[in-house]
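User: I have a model open and would like to go through it with you. Could you begin with the terms and then move to the details?

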Amino acid sequence: MTHLLNPSAFQTTPSAGHVVAESEAEETMQRPNTQTPADAIGNESCLVQIYPADVIDGMLLLETDCLTIGREDECDLVLEDSSVSRRHVQLIQSPEGHSLQDLGSTNGTLVNGNVIEGTHVLQTGDILSIGSFIFKYLSAGSVESQYHETVYQSLTRDALTGAMNKRYLLESMQRELARSFRRCESLAVVMIDIDHFKGVNDTHGHLVGDEVLREFGARLLATSREDDLLARYGGEEFTLLMAGTDRDEAIETAERCRSVICSEPFATAVGPLEISASFGVALYDGKQMLTPAEVLKIADDRLYTAKRDGRNRVSG
């Protein structure tokens with residue numbers, strides 16, 4: 001499985017020979033929305049996306065023996081742009097590192113500005129050009145890959161709960177909604193709110209409230225599906241983004257998360273506390289383009305229905 005991350009603070013400007021028009025790279029990369037462990041990067045080789053800087057701004061962990069990159073949906077990493085061939089290039093892992101093999105692409109694959117022929121062994125810091133996309137290869141354990149992980153964590157992840165932050169959520173939703181509309185696929189968004197959380201803070205103080213938030217995030221991360229994206233929307237509100245998911249799957253996942261939260265008391269400095277949460281599920285069917293705000297509003301309305309009906313329940 002591949003993981004794409006979003007360290008947008010360290011984009012660099014492409015060399016003059018690689019600059020293309022914005023319209024040529026308007027499609028996004030296809031990627032799973034997996035949560036990446038904090039210590040994953042630095043122990044894995046990766047590609048840092050250099051250009052385009054306004055599409056994914058991403059980092060790709062190389063965790064499989066063979067990664068195929070191209071324009072067709074069957075590729076491991078899909079770059080939906082006319083400058084990329086249907087099956088463009090493969091990255092092949094060996095005990096010595098990674099090699100590139102061009103798959104007979106129309107525009108060729110370049111490493112450090114040179115067209116590769118046959119198999120090319122990659123070195124950390126190599127610049128890869130695949131159509132109009134530019135990546136930087138970083139070998140496992142390199143200081144630079146560890147630096148990127150530190151920047152990534154600070155920009156995109158909520159330090160207290162381990163979930164992604166609101167900015168990352170909204171950017172991801174924008175991409176996923178556009179992709180779902182283009183492919184006429186369903187997408188689910190779940191708004192989650194801890195029941196009576198103000199009472200926890202008022203009665204026991206904010207330090208205990210932080211303990212509850214930390215455990216709440218950990219339980220949701222451990223329970224949600226691998227390809228789902230969990231974000232802390234603000235305060236005691238969380239959001240779960242589930243691409244390629246229908247209503248039944250979304251409600252099933254939300255019910256599983258609800259049960260995990262209320263099934264066992266939360267251990268805190270003042271003793272165990274009974275905690276529950278309410279869930280509002282919105283389904284986007286891909287038939288008309290909606291904004292993240294519009295879909296979140298639907299999920300938020302469903303959340304308030306769950307609270308009005310007694311809390312500790314899923315409304316969808």
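Analyst: A contact here means heavy atoms within 4.5 Å. By that criterion, residues 24 or more positions apart account for 65% of the contacts in the protein with a separation of 6 or more. This is a predicted model, in which local features need pLDDT of at least 70, side-chain atom pairs count only at pLDDT 80 or more, and totals for chains, interfaces and linings use all residues. Residues are numbered from 1 along each chain as its sequence is written, and side-chain values use heavy atoms, with hydrogens and water left out.

User: How many helices and strands are there in the protein?

Analyst: The protein has six helices and 18 strands. Helices (H or I, at least four residues) and strands (E, at least two) are DSSP runs, numbered from the N terminus.

User: What share of the residues is buried?

Analyst: Of the 316 residues, 51% are buried. Buried means under 20% relative accessible area, exposed over 50%, and partly exposed in between, with a 1.4 Å probe and protein chains only.

User: And how much accessible surface does the protein have?

Analyst: The accessible surface comes to about 13,800 Å², and carbon and sulfur atoms contribute 49% of that. Areas come from the Shrake-Rupley method with a 1.4 Å probe; for residues, only the protein chains shown count as cover.

User: Let us turn to charges. How many salt bridges does the structure hold?

Analyst: The structure holds 14 salt bridges. A salt bridge is a side-chain nitrogen of Lys or Arg within 4 Å of a carboxyl oxygen of Asp or Glu. In general, side chains of opposite charge can pair when their charged atoms come close.

User: What about Arg219 and Glu215?

Analyst: Their side chains form a salt bridge at 2.9 Å, N to O. The two residues are four apart in helix 4 (residues 206-223), about one turn of the helix. Arg219 counts as buried because its relative accessibility is 11%, whereas Glu215 counts as partly exposed at 31%.

User: Which residue does Asp228 pair with, and why does Asp228 count as buried?

Analyst: Asp228 pairs with Arg225 in a salt bridge of 2.9 Å, N to O. Asp228 counts as buried because its relative accessible area is 2%. Arg225 is partly exposed, with a relative accessibility of 25%.

User: Which residues are linked in a network of salt bridges?

Analyst: Asp73, Glu80, Arg182 and Arg183 are linked in such a network.

User: Which residues form the negative surface patch?

Analyst: Asp246, Asp248, Glu249 and Glu252 form the negative patch. Patches are made of residues with over 30% relative accessible area and no salt bridge; like charges are joined within 9 Å, and nonpolar side chains (Val, Leu, Ile, Met, Phe, Trp, Tyr) within 5 Å. Lys and Arg count as positive and Asp and Glu as negative, while His and the chain ends are not counted. The place of a charge is taken as NZ of Lys, CZ of Arg, CG of Asp or CD of Glu.

User: Where is Asp248, and why does it count as exposed?

Analyst: Asp248 lies in helix 5 (residues 247-262). Asp248 counts as exposed because its relative accessibility is 63%.

User: Back to helix 2. What does Gln174 touch beyond its sequence neighbours?

Analyst: Leaving aside neighbours within four places in sequence, Gln174 is in contact with Met289 and Pro292. Gln174 lies in helix 2 (residues 166-183) and is partly exposed, with a relative accessible area of 41%. Gln174 and Leu290 are 116 residues apart in sequence, and their C-alpha atoms are 9.2 Å apart in space.

User: And which residues does Lys166 touch?

Analyst: Not counting residues up to four places away in sequence, Lys166 touches Arg232 and Tyr233. Lys166 is also in helix 2, and it is partly exposed at 35% relative accessibility.

User: Finally, the backbone. Where is the cis peptide bond?

Analyst: A cis peptide bond joins Tyr51 and Pro52, with omega about 0°. Pro52 is in the loop between strand 3 (45-51) and strand 4 (59-62).

User: What is the phi of Asn112, and what is that of Cys184?

Analyst: Asn112 has a positive phi of about 55° although it is not a glycine; this residue is in the loop between strand 9 (109-111) and strand 10 (114-115). Phi of Cys184 is near 55°, also a positive value in a residue other than glycine. Cys184 is in the loop between helix 2 and strand 14 (187-194).
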